[in-house]
Amino acid sequence: MDKLLFWPLDITYTSSEDCGEIKLWGISGENKRIVLVDRTFKPYFYAVPKNQSSLEALFRELEKLSRIDKKVLSVEKTEKYYFGKPITVIKITLISPLYLNEWENKIRRHPLVSEILESDIRYSMRYLIDKDIYPCNWYLANVEEFKGSSNVSVDQIFMLNSMSLYNGGGVTLPKLKILAFDVQWYSPKGSPKPETSMVALISIATNTGIMKQFFLEDMDEKEILSSFSSFILNFDPDIIVGFNINKFTWPLLLSRAKILDENLNISREYSSPQTSLYGHISIAGRANIDLMDYAESLYEIKIKTLPRIAEYLGIDLPEGEKLITSPLIYSYWKNKEKRVLLSKHSALSAKIILEIFKKALPFITQLSNVTGLPLDQVLAAPVGFRVEWFLIRQAVKDNELIPRRAERPYYPYKGAFVLKPRSGLHENIAVLDFSSMYPNIMIKYNISPDTYLPSVEELSPEEFWMAPEVGHPFRKHPPGFYKRVLEKLLSLRSEIKKQLKNLQPSSLEYLLLDNRQKAVKIIANACYGYTGWLGARWYVKPCAEATAAFGRKIIKETISIAKAYSLKIVYGDTDSIFVVNEPEKISKFIETVEKKLGLNIKIDKIYTVCLFTEAAKRYAGLLPDGRIDVIGFEAVRGDWCELAQEVQLKVIELVLKAKSPLPAIKYVNGIISNLKRQKIPFEKLIIWKTISRPIDKYEVVPPHVAVAKSLIDMGYAINVGDKVGYVVTKGDSKKLSERAKPYFMVNYSDIDIDYYISKQVIPAALRILSIFNVTERNFLRKTSTLDSWFIKRSP
DNA sequence: GCAATCCATGTACCG
DNA sequence: ACCGGTACATGGATTGCG
């Protein structure tokens, strides 16, 4: 038997009649690509008896039933907890995953069975969980060399006996082989479609410095695909990364390959990419990662394009090189000159994808490791599922049964408390907030599905906490499931933060741990939302309702305490309070709050100047270091044109610094005059809005939907979640919807400048300046006939 | 009869 | 496919005035 270091990258399984076969794909301590095979793991599920008195009868029946069926390995009684209550259930273990469905169906409707549990945990995840294996960690594996042949593309195959966490190397990553790729299509009309479009070009960039292009000019389409496949098999990447590949490139490429009778057998088992969980595409033995899923987490980037993401992450494009963002790119192949642009664009895209991925890798590996979700799934999985997999791991460690997902009706409940702001300019404002308010409320009041008491008749008031307003009681002892999970998450985070203090900020270990800390924070902060999510396995509405109710009580009491110290309160939202900065009062206030409420509150930041309008959730502030925070206003909303955002940002800056509206008014008038003279770049006039549902599900036709419809008519695919960019043109119609046009089909001369003056620039500026009683009359009026006469004659 | 106001719809933000 | 609270644009329906 050998021992070796192993870093799990991917897990797959196959089933045969007598066993399931797990393949753990990964990298060895000697940087070899290896696969560890385990055929000894048996799938199982639990049958919950209707009541504990029917347990024996059910057990005998199932045992009898199983004795005549070789597919069942064992039927046994086992002690578990279900929502915190001890329960004896029957564990049915099968010899292969092939028979799970059959056996579940066989006994699901048995009169003595109340429900079947954990048959909905996939065999591969079951394996990782039961063996306590987390992806992206080093393990010490006890293995035996596999003797025999197997059609897999790895350096070595082993049979796995056991493995345990290896703590010797600190937090490190293996040397991964990464392949970034970009595909360009030729589509004469609209978006590419598998039947009528062609693969014009595939570009590849690897982290070993290889650049490669397969171009329709040099070979036919079939050859492009086969060259691409061969390249992948030869280079043998651990990670394949692209941009928008899960929903676009891979499905299109696979359909096109089928039409051309070509295969894309690029996995480490020589199989084709497969649609898998959470809409991601899986490639056996490798991690296929879509940077679009990563970009979802970068909420500051409103329009998720490669150049914007690159810019945000501080990745410089080579001098003079640019990425094309126009949808007309699909027709470029037809034009000889544009072909050159297309080729350059594609090569650059592949390089940029690789660079973005290198920056994202520490976070992705840590999120994968913290949640336990495989590297290729973790970004594709919605936040609720990431939280849930963390919970599932904890449940299994605690011997808790995993509930099933259920269909439930939606009833809203009351959420957080928001204080009306004092409008106007304020100087020297301290922003105080509770650290991790909701997680700490859940910990303090032991709010959890298993501590919730539907009835408290037999208990004395000392034995439970009672949520205010909503009246939901929760047992004080023992610690509930959420409390255990959240304490673990919070202590994990503070431990990591402690470690970070002793590390060089420039070191790789610091980078990894810092990203680990961020991953833990994301999970902890999503736990409250998870409790109120209808899709949650551990959904118990009173938990969410009670947590929000405690939150309201706490922030209201905090406001009272602030008043008692005669602090001037400017604003507050959920877990924060904005007060005039009087340090002595504030330190006493903090002391009292922490003593009375038992939660930590701290000064988060100081604004030397800040401004509020009448509206909640919108403010701007100047920080001592000169940076400016803008919260909620149009300037940070992706559905206003860039010009309006830019104007508002500048207005905010001028107002905060001059504490007067005058320079801002002058500035805005300058912009309006530039706009009239057509001096504003066209791109700054595009308005982007998201298509949030299938087009035929809209009850009215807002501008962006009208534009989406016309794009669809032109052959463009518009999917839910896509952003549509339009500009407003002059026209006879009063309706905006009829004057909004796809941005790439409009000439500057057709732009309705008045719309941009009166519906974009002026409202964005006035939102801020109205606190000084500035009105529309303080700005230049709209264009007159004279203006347009002038424009026609100016060069 | 017409302007002012109300209201439903839709999007994107805050914490 | 984490929650509720909130602001605001748009455009058609309703109201209020006389």
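Which strands does helix H1 (residues 55–67) lie across? In this predicted model, helix H1 lies across E4, E5, E6 and E7 and runs at about 155 degrees to E5. Helix H2 (residues 100–108) also lies across E4, E5, E6 and E7, at about 5 degrees to E4. Helices (H or I, at least four residues) and strands (E, at least two) are DSSP runs numbered from the N terminus. Axes are lines fitted to C-alpha atoms, for helices over the stretch in contact, with angles from 0 to 180 degrees between N-to-C directions; contact means heavy atoms within 4.5 Å.

The four strands form an open sheet in the order E5-E6-E4-E7, with antiparallel pairing. Strands pair if DSSP finds at least two bridges between them. Strands E5 (72–82) and E7 (113–117) are the edges, each pairing on one side only. Four bridges join E4 (residues 44–49) to E6 (residues 85–94), and Tyr46 has Lys91 in E6 as its bridge partner.

Elsewhere, 21 residues surround DNA strand B, and Asp575, Tyr619, Arg637, Ser692 and Tyr698 are the closest. Sugar and phosphate make up 92% of the atoms of DNA strand B that come within 4 Å of the protein.

The table gives polar contacts (pairs of N or O atoms within 3.5 Å).

| Residue atom | Distance to a phosphate oxygen of DNA strand B |
|---|---|
| Val636, backbone N or O | 3.2 Å |
| Thr690, polar side-chain atom | 2.9 Å |
| Arg693, polar side-chain atom | 2.8 Å |

Residues are numbered from 1 along each chain as its sequence is written, and chains are lettered from A in the order in which they are written. Local features need pLDDT of at least 70, and side-chain atom pairs count only at pLDDT 80 or more, while side-chain values use heavy atoms, without hydrogens and water.

Key:
A residue is near a molecule or strand if one of its heavy atoms lies within 4 Å of it. A polar contact is a pair of N or O atoms within 3.5 Å; within protein, one must be able to donate a hydrogen and the other to accept it, and residues adjacent in sequence count only if both atoms are side-chain atoms.
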